[in-house]
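Please read this briefing alongside the sequence and the coordinates.

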Amino acid sequence: MIEAARGATVYNIPPGRSFVDSLAEGLLRRGGGDPLALARTTVLLPNRRACRALAGAFLRATGGRPLALPAMRPLGDLDEDELELRAEDEPPGIGALDLPPAIGSLRRRLLLTRAIMRVEETSPDQAARLAEELARLLDSVQIERLSFDGLAGLVPDRYASHWQLTLRFLQVLTRHWPDILADEQALDPADRRNRLIAAQAELWRHDPPGDAVVAAGTTGTMPATADLLGVVASLPQGCVVLPGLDPHLADDAWEALDGEQPEAGHPQHAMKQLLAKLGVARRDVLAWDDGRAAGAQARARLLSRTMEPAATTAGWRTAPIPPDEVSAALDGVMRIDAPGTEEEARTIALLLRAELERPEGNAVLVTPDRGLARRVSAELRRWNIEVDDSAGVDLGGTPPGTFLRLLARMAAEDAAPVPLLALLKHPLAAGGMDPALFRRRTRELERVVLRGPRPEPGLHGLLATLASEAKLARSGERPDERQRRRLLASAGFVRRLRDLLQPFMSLAGARYVPVEDLVRAHIGCAEALAQAADAEDGRALWAGEAGETAANFVAELMSAARGFDRIAGRDYPGLFEALLAGTAVRPRWGRHPRLAIWGTLEARIQHADHMILGGLNEGTWPPEVPADPWMSRPMRAAFGLPPAERKAGLSAHDFVQAFGAPRVTLTRAMRVEGTPTVPSRWLMRLDAVLRAAGREGPIGDGQRWLAWAEALDRPVGRPMPIEPPRPCPPLRLRPRRLSVTQIETWIRDPYAVYARHVLGLRVLDPLDAEPGAPERGEFIHEALDRFVRDWPERLPPDAVDRLIAIGRAVFEPAMGRPGIQAFWWPRFERIAAWFVEQERLRRQVPLKIGTERRGSITIAAPGGPFELHGKADRIDRLPDGSLAIVDYKTGSLPRAALVAVGAAPQLALEAVIARQGGFQDIAAGAVAELAYWRLSGGDPAGEVQPAGGRKAVPAELTDAAETGLAAYVAAFDREETPYLSQPRPDLVPRFSDYAHLARVAEWGRGGGGDE
């Protein structure tokens, strides 16, 4: 049996080795040779993770030999079946076995959310976040065993207005919450835990156990736990084992911990408070093990000096640490100050990977920075290494969590293109079909209707849009049978989606809906959409660790949502995401036997051969002390809550515990997202202590590891410069038909013609696009074309009003958009007035006007016939039989110099077609006028600009364009002529859809690539 301590029942395992390993070895040693002594021992630990860690430590201590383990019970998660309480043994007045159950976390948040919404008008998601803060305050008050009765008298009258506003929220806890709990017949988790711990303490006072009881690893910051530790310490065979009591801290520094509030940030502050409650002096605390190596002792003394309270830090200079002790303390320690978070993560990953080169070494990253942990995990995958992250991953970021969030957002936004496509492209989406076929149908739906301006809302609106597009596809204007078949297939796909999703979407669009109904419909649609053709209903959604966690969350949510107030369906996604936040997915078993990522809690009680302490920046480790949303610091103190700095003190204790490992690497990023950072206060203290001891310069060879990490992504050998592309496709693949606008592109950027017409690449319209300049031009062109067709000869007296009426009909489908109503329409009204005035002047002589005329001609070329085609906005037949070609421009006009040299040949090429009689219903004739009509709607609303300038001669421009086109076609009919990308710097197009494909930024001068 384990003997009780003589004269003292409090032990200590100082930093320097793994707490659980020392505890396991000590328990085995104290058990002697009795194989059942350990089995009769009860060990109280901080939480379930500590219990699992101690079980592993016993395996290491015995080399895997079978062993009857002690009863290990977590103080943080006690339940009746883990207490030695029996009905016949209950102490008087303690009804522990009759305690109501603890209320579920989701149920509590929803009940608090409902109470907040009834007290204050706010949205459900905002109320849910406030409920989380209220629950946190409620736990803090109950952990400290306080009462809300004294809230009203905490502050003087000058703060009354602000405090009254706060009290209105806190009434949820002071007035409503006790009644709500009574109706639920449940207790708050913290309150119930306090009662159970108190019941256990009272039982052991009343009837001390005959076997050994060891309380280990806790600092007793919770009053109920501290009381239980006091009882355990007084048991005949009871003892308390402290984690990391500093025996090297000078007496004056120890006494200074009772000073001002900031000393709550010292790593020994909580330990000192616990010893005071236990009535044990620090000198009476015994060592649990037989001592440590000299290096570990030196490290512990260095850490003790580094963490001294501010009142005693003068000793750093007056009594510095001897140089030889500093060297011994820093043996095995390395510090790395990385330029940024990316470099820090890559270096840590390299350090972890290097540990696998040791025969039996293990290494752990310890950090509270979840972003750094994710980066390191990603970096390790370059070596196919998957590591455990004890904090897990957020359920909302896993495939099931993302799928559920996307479905909720899509329904609330009435199947808008972006959320709909995000949902349909999710890997879990199958809709009862073969997943490959489902993906193909999704891509087709995206191409035929979801790209470009938003279609009509909802799945019914999407079907109406598809039907309208199919009608156009089979009409005379756009006969396209292949497109029609695609539209019909997409319509069938949307009908399938409607059958699956409409039950949930109908509720999501309703005004007032019970949350329970929304959750049920949400999950039902999610399972239906996630079902594949050859799989069982909804199984894919709940598969794996993330799926199991999601299933548990959903089951708890469906139970917790009963009786919740009705909400607007559009508010459901925000509420769902607020409730989902913070749910973690953790692996059931280890992914790597020798590498891991721990939070600071795990590092408090166990060590690895190599501990990498990452993210050591102020605000990360230690964490920034957040402002209390309910009480100021003086109010917290008056109310009895612990100071906010206590969290920093516990964080400092975790840092000291981890720093005691045999090999330690300290890392930080000097910049985070481009912003300079401040080193952790502990690093700055360590620097000050080392400088006082005469130790300057870096600690360890961190620069070498930084250089190695940087070399991981450095290209081998000298980088080869990127040359501009020079594709020379065979003649049979080169285009034999181009429009007048594509000829200009061909001149300025031949590679764009190659990408579109040889490679067959088409630019996709953006999703849910606002109508831009092209759509504005289409609306204005359509309105002017209708007006001229309706009055081809004489204008009516109210011509401006007629044109505005036509424009209103054309703009009507887009008038619901604020930008069009506010900006485009007033400009069109000004354009209409200018256009009518211009028409009155122009029609003073007889004209025969043709609008929106299509035409083409064939050019003889070495490679065979080449067709030039185009559409003219307007061609007027003048009284002398000559032609005037007009191009309406709603954007910028080409410079006259570019037109003159043939770099902007659109109008001149249209003149070539017109001169040869290539336009529909327009007889051949000489071209006497080439003009741009700029329709800006500004001041002036419009202007007429001759192509090539006022001195340009249309016939000469036409001749030059015809000759130039023939020569250009002949040049590209030679297979050795490449399709260069932007060959002339003076003719680079303003926009190019294929510049990224040509990698212009890498080889272009000043384009951002390597010179």
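Buried means under 20% relative accessible area, exposed means over 50%, and partly exposed lies in between, with a 1.4 Å probe and protein chains only. The model is a predicted one, in which local features need pLDDT of at least 70 and side-chain atom pairs count only at pLDDT 80 or more, while totals for chains, interfaces and linings use all residues. Residues are numbered from 1 along each chain as its sequence is written, and side-chain values use heavy atoms, with hydrogens and water left out. Helices (H or I, at least four residues) and strands (E, at least two) are DSSP runs numbered from the N terminus.

**Salt bridges**

- The structure holds 63 salt bridges, a salt bridge being a side-chain nitrogen of Lys or Arg within 4 Å of a carboxyl oxygen of Asp or Glu.
- Glutamate 929 and arginine 842 form one of them, at 3.1 Å from N to O. This pair links distant parts of the chain, with glutamate 929 in strand E23 (residues 927-935) and arginine 842 in helix H32 (residues 818-842), 87 residues apart.
- Arginine 842 counts as buried because its relative accessibility is 14%, whereas glutamate 929, at 23%, is partly exposed.
- Both residues belong to a network of salt bridges that links Glu839, Arg842, Arg843, Arg874, Asp876 and Glu929.
- A salt bridge also joins aspartate 713 to arginine 346, with an N to O distance of 3.3 Å. Aspartate 713 lies in the loop between helix H27 (702-711) and strand E19 (737-739) and arginine 346 in helix H13 (residues 341-355), so the pair ties together parts that are 367 residues apart in sequence.
- Arginine 346 is buried at 7% relative accessibility, and aspartate 713 is partly exposed at 45%.
- Aspartate 139 and arginine 108 make a further salt bridge, their closest N and O atoms being 3.0 Å apart. The two are 31 residues apart and link distant parts of the chain: aspartate 139 is in helix H4 (residues 124-143) and arginine 108 in helix H3 (residues 105-119).
- In this pair, arginine 108 is buried, with a relative accessible area of 7%, and aspartate 139 is partly exposed at 22%.

**Parallel sheet**

- An open sheet is formed by 6 strands in the order E7-E16-E15-E8-E14-E9, with parallel pairing; two strands pair if DSSP finds at least two bridges between them.
- Strand E7 (333-338) and strand E9 (388-389) are the edge strands, each pairing on one side only.
- Helix H14 (residues 370-380) packs on the sheet and touches strand E8 (363-366), E9 and strand E14 (595-598), and its direction makes about 165° with that of E14. Contact means heavy atoms within 4.5 Å; axes are lines fitted to C-alpha atoms, for helices over the stretch in contact, and angles run from 0 to 180 degrees between N-to-C directions.
- E7 runs parallel to strand E16 (residues 663-669), joined by 6 bridges, and valine 333 has valine 664 in E16 as its bridge partner.
- E15 and E16 pair in the parallel sense over 4 bridges. Valine 664 in E16 is the bridge partner of methionine 611.
- E8 and E15 run parallel and are joined by 4 bridges; alanine 363 stands opposite histidine 610 in E15.
- In a regular strand the side chains alternate between the two faces of the sheet. Strand E15 (residues 610-613) is covered on both faces, with His610 and Ile612 buried on one side and Met611 and Leu613 buried on the other.

- Valine 241 is in strand E5 (residues 238-243) and is buried, with a relative accessible area of 0%. Its C-alpha atom is separated by 5.9 Å from that of valine 10, 231 residues apart along the chain.
- Leaving aside neighbours within four places in sequence, the contacts of valine 241 include Tyr11, Phe19, Val214 and Trp288.
- Leucine 459 lies in helix H18 (residues 458-473) and counts as buried at 2% relative accessibility.
- Leucine 459 and alanine 415 are 44 residues apart in sequence and 6.4 Å apart in space, C-alpha to C-alpha. Not counting residues up to four places away in sequence, leucine 459 touches Ala415, Val494, Leu497, Arg498, Leu501, Gln502 and Met505.
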